[in-house]
Amino acid sequence: MYTSAIKLHTTKRTMLDDRPVINIISDSIGDSAATMAIAAASQFSDNRCLINRLPKVSSLAQMVPFIDEHLNDTKDNMILFHTIADEQLRAELEDYLMDKEVVAVDLIGPAIDAIALATGRNPRGEPGLIRETDEAYYRRIDAMEFAVEHDDGRNPENLTDAQIVLIGVSRSSKTPLSIYLATLGYNVANIPLTLESEPPRQLFDVDFRRVFGLTTDPNLLSAIRQRRLGNASAVAQKYANIDSVIDDLEQAQRVMRKIGCLIVRTDNRAIEEVAQEILRYYHASFPD
């Protein structure tokens, strides 16, 4: 384990055309080290530096040729930034660098040691965990954008790109369910089913196992629509009229049966509960 973040063996400089040459070794892809290298170099060379990177290391044997090559290429002292989560591998690298003309900066070891000391917990020592977190975050952002772009029947030409397609009548919880599933990282589209128009033809090109029909109690739906209309209910009675609501639901179920999709009830159920039912069937059909 390093006792200091920096191991300085000489006081020579490593520069090329006024730009520091910074070598990076990482057990992931080295983005964190590269960001730190650029930030540090900006204090000396107008935000310019040259970076050599060795990613995805898992053994000292992988690092030795890289280190030796850049030591030979460097007239002065070699600068090395590294991010290696595994304590044993960090120790092996430190031992190897002991007699080398290298300024080595351990960017993650001291931070891990400090957290372990403060919390009394053992680190996992697994590479790339922050990248996995970042990828999950950006996947959710992309899913949210997809849900907005494919809400209420928009962009039907891209329906086959959806992981999950929700269909149902107005006020059957399509949009809130789409947004909730998107926050979990799923690309979701939703299609309204109405008496006045046919569903988009692209809906029938989607794998039926990806399509989920939402239905609800007609009396509850009528009440929800009445509340939704508010003062406008007098001019749009057909929308909330119980007979029209029943016709709406029956027509929608005929479409669902034609597709062969799973029909899920949403009345008096939390969005999370409905989502979990959908995801159980989805993952049964498309196991990871």
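## Close-up views of the predicted chain

**View 1. Arg53 and its partner Asp31.** With a relative accessibility of 36%, Arg53 counts as partly exposed, and the model in which Arg53 is shown here is a predicted one. The side chain of Arg53 meets that of Asp31 in a salt bridge, with 2.9 Å from N to O. Asp31 belongs to helix H1 (residues 31-45) whereas Arg53 belongs to strand S4 (residues 50-54), so the pair ties together parts that are 22 residues apart in sequence. Asp31 is likewise partly exposed, its relative accessible area being 39%. As a general point, side chains of opposite charge can pair when their charged atoms come close.

**View 2. The whole chain, as a setting for the close-ups.** The chain has 288 residues, of which 41% count as buried, and its secondary structure comes to 10 helices and 10 strands. Its accessible surface comes to about 16000 Å², and 50% of that surface belongs to carbon and sulfur atoms. When contacts between residues at least 6 apart in sequence are considered, 76% of them join residues at least 24 apart. Salt bridges in the structure number nine, and several of the views show one of them.

**View 3. The salt bridge of Asp99 and Lys100.** Asp99 and Lys100 form a salt bridge in which the closest N and O atoms are 3.0 Å apart. The two partners fall into separate classes of accessibility: Asp99 is exposed, with a relative accessible area of 63%, while Lys100 is buried, with a relative accessible area of 18%. Lys100 is placed in the buried class because its value of 18% lies under the cut-off of 20%.

View 4. In the salt bridge between Glu277 and Arg269, the closest N and O atoms are 2.7 Å apart. Glu277 counts as buried at 14% relative accessibility, whereas Arg269 is partly exposed, with a relative accessible area of 24%. A further group of charged residues can be viewed alongside this pair: Arg90, Asp106 and Asp113 are joined into one network by salt bridges that share partners.

**View 5. A patch of negative charge on the surface.** Four residues, Asp86, Glu87, Glu92 and Asp95, gather on the surface in a patch of negative charge. Asp95, one of these residues, has its place in helix H3, which covers residues 87-97. Asp95 counts as exposed, its relative accessibility being 55%.

View 6. Tyr138 lies in helix H5, which covers residues 129-149, and is exposed, with a relative accessible area of 52%. Arg139 also lies in helix H5, but Arg139 is partly exposed, with a relative accessible area of 48%. The C-alpha atoms of Arg139 and Ala182 are separated by 9.1 Å, although these two residues are 43 residues apart along the chain.

**View 7. Ser244 in helix H9.** Ser244 is found in helix H9, which covers residues 242-259, and is buried, with a relative accessible area of 14%. If residues up to four places away in sequence are not counted, Ser244 touches Leu195 and Lys238.

**View 8. Two asparagines with positive phi.** Asn155 has a phi near 50 degrees, which is a positive value in a residue other than glycine. Asn155 is found in the loop between H5 and strand S7 (164-168), and at 32% relative accessibility Asn155 counts as partly exposed. Asn268 has a positive phi of about 55 degrees, although Asn268 is not a glycine either. The loop that holds Asn268 runs between strand S10 (262-265) and helix H10 (271-285), and Asn268 is exposed there, with a relative accessible area of 74%.

Key
Residues are numbered from 1 along each chain as its sequence is written. This is a predicted model: local features need pLDDT of at least 70, side-chain atom pairs count only at pLDDT 80 or more; totals for chains, interfaces and linings use all residues. Side-chain values use heavy atoms; hydrogens and water are left out. Patches are made of residues with over 30% relative accessible area and no salt bridge: like charges are joined within 9 Å, nonpolar side chains (Val, Leu, Ile, Met, Phe, Trp, Tyr) within 5 Å. Accessible areas come from the Shrake-Rupley method with a 1.4 Å probe; for residues, only the protein chains shown count as cover. Lys and Arg count as positive and Asp and Glu as negative; His and the chain ends are not counted. The place of a charge is taken as NZ of Lys, CZ of Arg, CG of Asp or CD of Glu. Helices (H or I, at least four residues) and strands (E, at least two) are DSSP runs, numbered from the N terminus. Buried means under 20% relative accessible area, exposed over 50%, partly exposed in between (1.4 Å probe, protein chains only). Contact means heavy atoms within 4.5 Å.
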